[in-house]
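Open the model in your viewer and keep the selection tool ready. We will go stop by stop.

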Amino acid sequence: MGTVVDDAASVEFHAFFDRHYAELSRLAHLLTGEADAADDLAADALLALWNRWDRVRAADHPVAYARGVVANLARTRIRSAVRERRRIALFWSQREEKTENPDIAGVVDVRSALRRLPFRKRACVVLRHAFDLSEKDTALALGVSVGTVKSQTSKGMAELQKLLGGDGAPLKVPAMVRTGEASASGRDR
């Protein structure tokens with residue numbers, strides 16, 4: 001059962017949402033450089049605004065407040081991504097191991113398939129299988145639980161199996177993927 005005040009606040013918020021959602025999404029995109037994350041950040045910001053709508057609507061400049069919330073959420077997202085990449089970099093091997101008669105095509109296929117995995121699954125698969133880290137060490141590096149490492153690694157390997165057209169046999173990571181030879185650049189998701 002809603003009151004007249006609640007209904008008026010709801011109507012006012014919906015009008016604010018309709019007027020400013022696209023602008024807030026564009027701001028999030030420009031701040032993070034991630035088109036996929038922009039809509040989520042704008043939605044998260046508007047949810048935070050709705051939870052404090054009485055205070056926001058009483059503010060002198062509600063749109064400025066909304067932009068500040070988007071900026072703070074974008075900053076948090078960027079910092080989180082940087083921390084995650086730093087954790088991964090801690091385990092990056094600086095030494096190169098040479099492989100005789102490398103399977104270049106296999107390496108390119110595996111790396112291409114890895115780039116198609118979401119970042120967390122990719123990180124778990126790479127740390128567990130290419131760097132031979134234990135589940136506990138992988139969890140520590142990524143700042144997640146051991147259970148998350150287990151599930152993300154399992155799901156990641158299953159997706160790789162599908163992407164590589166596997167026949168059900170266990171995947172073997174080519175040596176060149178483990179050692180960093182024949183690098184292929186790819187963007188993180």
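Colour by confidence first. The mean pLDDT (the predictor's confidence in each residue, from 0 to 100) of the protein is 79, and 77% of its residues reach 70 or more. This is a predicted model, in which local features need pLDDT of at least 70, side-chain atom pairs count only at pLDDT 80 or more, and totals for chains, interfaces and linings use all residues. Residues are numbered from 1 along each chain as its sequence is written, and side-chain values use heavy atoms, without hydrogens and water.

Next, select Phe-16, Leu-24, Leu-46, Leu-49 and Trp-53. Of the 19 residues in the largest nonpolar core, these touch the most other members. Such a core is a set of buried (under 20% relative accessible area, 1.4 Å probe, protein chains only) Ala, Val, Leu, Ile, Met, Phe, Trp, Tyr and Cys residues joined through side-chain atoms within 4.5 Å. Helix 2 gives the most to this core, with seven residues.

Now select helix 7 (residues 135-142) and helix 8 (residues 146-163). Their axes (lines fitted to C-alpha atoms over the stretch in contact) come within 8 Å and cross at roughly 100°. So helix 7 is roughly perpendicular (65 to 115 degrees) to helix 8. Show Glu-135, Lys-136, Thr-138 and Ala-139 on helix 7, with Val-146, Val-149 and Lys-150 on helix 8: these make the contact (heavy atoms within 4.5 Å).

Last, compare confidence. Helix 8 has the highest mean pLDDT among the elements (93), and helix 9 (residues 175-179) the lowest (47). Over residues 178-189 the pLDDT is below 50. Where pLDDT is low, the predicted coordinates should not be read in detail.

Definitions and conventions: Buried means under 20% relative accessible area, exposed over 50%, partly exposed in between (1.4 Å probe, protein chains only). Helices (H or I, at least four residues) and strands (E, at least two) are DSSP runs, numbered from the N terminus. Axes are lines fitted to C-alpha atoms, for helices over the stretch in contact, and angles run from 0 to 180 degrees between N-to-C directions. Angles under 35 degrees count as roughly parallel, over 145 as roughly antiparallel, 65 to 115 as roughly perpendicular and the rest as oblique.
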